[in-house]
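Please look at the charged side chains in the structure below. The briefing that follows groups them by topic.

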Amino acid sequence: MINSLTFKTRARTLDHLGREQIADVPTAISELWKNAYDAYSTGVNVTLYDGEKPVVAIADDGHGMNYDEFVEKWLVVGTESKMHSSETPIADRFGLPRRSKQGQKGIGRLSSAHLGPIMLLISKRQNDEFVIAMIDWRLFENPYLLLSDIQIPVTTVANKGLLFEEVPLLVESLMENVWGTSGDDARNARIQNAWTEFDKGAHEDWLSFNDKMDLFDNKKWLAPSERIAQSIVDAGFEERHADAWPLWNNQSDHGTIMLVSEINEDFHVYLQDGNTSSTQGYIKDRFFQTLAAFVDPYFDKGDSPLISKEVNAVNVDFSPSMDIVEANRRRAEVDEKTPFDRKIINELEHVFYGTIDEHGVFSGCVKVFGKWRVGDYTYKIFPPKDLHIPKRSDSKLGPCDIYIGTYDRVLNSSTLSDEQFAFFEELALRYSGFYIYRDGLRVLPYGREDNDFFEIEQRRSLNAGREFWNKRRMFGRLGLSRSLNPNLKDKAGREGFIDNTSAKTLKKLVENILMTAARDYFGSASEIRTSELKTIQNENLEKKAKEKAELDAEKLKAKQKKEFGKNLDAANKLLPQLIEEIRQHLKQAKASASSDIQSAQEKLENARRTIARIKIRSGIPAKTTRKEDRDYQAYQHSIAEATGLAERLSVRISEWIERDAPAKPAELLDKQIKRLKTQSSRNFGIWKQKVDTLLDGERARISKIRAERATEFDKQADLLLHLVQEGRETLAVATKKLEVWHAEFMQEDTEIFESYISSLDALKESIDLENVALHGVAESEDLRAEVERLNELAQLGVAVEILGHELHAYDNMMSRGLANLPEEVRKSQAADSIRNGYEGVSKQLNFLAPLKVSGQRTFRNISGEELFDYLRNFFEELLRKRHIKFSASETFKNIKVYDQPARLFPVFINLVNNSQYWLFVTEKENKEIRLDLIDGKAIVSDNGPGIEAHDVKRLFQLFFTRKSRGGRGVGLYLCRANLRAGGHSIDYVADATSMPLDGANFAVTFSNFENM
């Protein structure tokens, strides 16, 4: 007799399929994120809420479910929709492009059990009611229950305001699965018996464990059924737990949220104050490594500098994130988007990307040390000869995309700037690795620190230089799609691909590609690396030296500026008093006895000593404030006055000595010698004490640096020795690392001490290093500033040229327009006003004609008389209003210079304009400007206030001006620049005794001119 029987499914089967299949909490979250993606959500958020009962919420804005779908699909394990990849209706995509389903087995929803046992699920379809259900996954851990005996309470509500009012009813209904209190007597009996047996077995296990561990305490026992029932009642779901759900915030009218209570212990590491232990740190790292960069950041949005032919990459409109809410404050733990994309990674010095076709042939592009060596996908890597490429439909491998960016570990060997290197070092701490993405989403566990599917680290341990690739400084991914690679299937526990022929082939192909590329272009066996590395290292050393010099120059400038300000303040406080004292010495000095001469000599010596002490030797810094400029001018006047008074006192003393002929001159001189010798000895003692203090401090500093360097090297060496002793590093790799470390240390030590010794050697030769450095800094700064300003002026010149061209076009239009007006209009008062305004503008444009610098350069003879007439007409109205006389000598009018009007005219316009300005702001009668020729030089002279002596050396610097308003400090700079272009020169004549007028006098020396 044959009996036909069926499987009886225990409730525990669901636990095996769900919670026990998932490796950890982060992996479970990733599965739920994929479910949200399949529901065409644009974002999904995991939030951990603190509280007496912490709760985790997973919220999305996908298409959601109604009651029927929840019952017929969500509650059906292994749904056919996943098996047959049924299409999501267009209405449920909300305008998003078609997505390839990430779920394969229809059991991903069961991973929610790994987050915590109690789950409140709420979902809503557009234009439908909310469906709400409550589950306790611990029910499925009871091996005595049948799966069909567990009933999930489900209901619907019309609006969100009623959702949490239904929770107590759901709790009561869910409790029937523990107490067996439903209307079905047979089911109730099975449930009660199942929990009795389960509690009994659990109690026996508890007794045995406590007895063995010597922890027996009968008060701690709580039966599983009682613990489950109590925690369901105290689940603690609140409305605040839905605050990140777009639907709850009225940002969407569809979506799903899961609220989980009795959360997994791993979540608690985010809610603990103080320092975290190594285990807690590992848990956080695990979360980040799994959930960060969940969406492919290497998708080419046109960011690749060379052509991209990727076949699998997808630009996914999906933003998963994880937040923590503590004390009502939300913080991001995993951001929605990574802080980099392909465009940023393309900035790395080594970039390698391409495609593996169905025959296993790689075609791609290569960038090495910042230069693209191969483009247009012409770099080919063929599969190993002993590797069989499968062709059968159930095992063949489809096309795959590879993208990798990396950089040299040692900064001195890198073409990256210090800032770029630091940025990528920091980025690598969080996001480095070689990931696998399928249809734009992460495939786990690839890319995590503990996964080395392509054996990158294993090969590197054998020969780090030759194999080159390092997961810790490597940014990259392998891009796949389900449609082109259907044979790459996930294991049930999401622990990678099933180890079938397709996965094995992929592994071997990628390993071969990485090894070949390393030998051809990147590793120590590469000819490019061998030939270019030394040059790069030398350039980096030079760059580092230059940067250090620039940094030292900045420090020196800061030191100079600080000392300048301090010394300037001190000098300006002392000088008035000193000047008054010297004046009193001059008034009170008498020569009635030799003792008076001695007293006067002592006072003179004290005055000179004070002048020497407060004299500012470092000079004025390149950039000063207006106050510092004024204070420095006051200091220069005062120091000059004090020095002059001291000289007058010195002359007075000499006259006394010659006139009175002291009785004991040798005794007087001897006393003076002793005084000066005592002063010199005292000064030397002060200086020696300062030098000794500095030298002692430097000796101690150098000894400390050496000790720190030795300690640092010992620390690195001991770590390496420990790794070899434990067998975690091979001798060959350790030896190579030790050599690299030692070379780096030696280079750094050399930079520290050799420059120091060189400086001491220069001091031995009495070379004033500070003066040399300040001179170099000032010269370099002036040159750099001049280049920048010339660029600015060049841009300004282009703009003026275009403006002049356009204004002349408008000038012609206005002229024709006025001429074509009707006669009665032309004679009107309004037309007269327009005509007068137009003629004024036209006149100014005519003056621009000689100043044109673009187009053909016109050279011709320019007479002094032509130049004078041009200037007189240009400034006629202004000079008349300001009552300034303008004239030129006959000798000036008779000169003839061969040059461009556009070069010469602006010079004299600037000079005359400056003269008229200072004459205008000066209270003076009979104001005058005169052009003359003296000693073969053209002179522009005025009887204004002239130039202060301390300003003469800065007079022709760009942007230097003493005008209180309207001055830009450009005119005189341009004068000199224009004249130099023609071989001429210009200077300021400080001594006006031989000049036409006693104010400001500028002398222009022409390289060639004639007297007519």
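D24 forms a salt bridge with R448, and the closest N and O atoms of this pair are 3.7 Å apart; a salt bridge here is a side-chain nitrogen of Lys or Arg within 4 Å of a carboxyl oxygen of Asp or Glu. This is a predicted model, in which local features need pLDDT of at least 70 and side-chain atom pairs count only at pLDDT 80 or more, while totals for chains, interfaces and linings use all residues. Residues are numbered from 1 along each chain as its sequence is written, and side-chain values use heavy atoms, with hydrogens and water left out.

**D24 and R448**
- D24 lies in the loop between helix 1 (12-17) and helix 2 (25-38), whereas R448 lies in the loop between strand 14 (441-442) and helix 11 (456-462), so that the pair links distant parts of the chain, 424 residues apart (helices, H or I of at least four residues, and strands, E of at least two, are DSSP runs numbered from the N terminus).
- Both D24 and R448 are buried, where buried means under 20% relative accessible area, exposed over 50%, and partly exposed in between, with a 1.4 Å probe and protein chains only.
- A network of salt bridges links D24, R286, R448 and D450.

**D136 and R138**
- D136 forms a salt bridge with R138, with the closest N and O atoms 2.7 Å apart.
- D136 counts as buried because its relative accessibility is 0%, and R138 is buried with a relative accessible area of 13%.

**Within helix 16**
- K627 forms a salt bridge with D631, the closest N and O atoms lying 2.7 Å apart.
- Both K627 and D631 belong to helix 16 (residues 626-660), where they are four residues apart, about one turn of the helix.

**Total**
- The structure holds 39 salt bridges.
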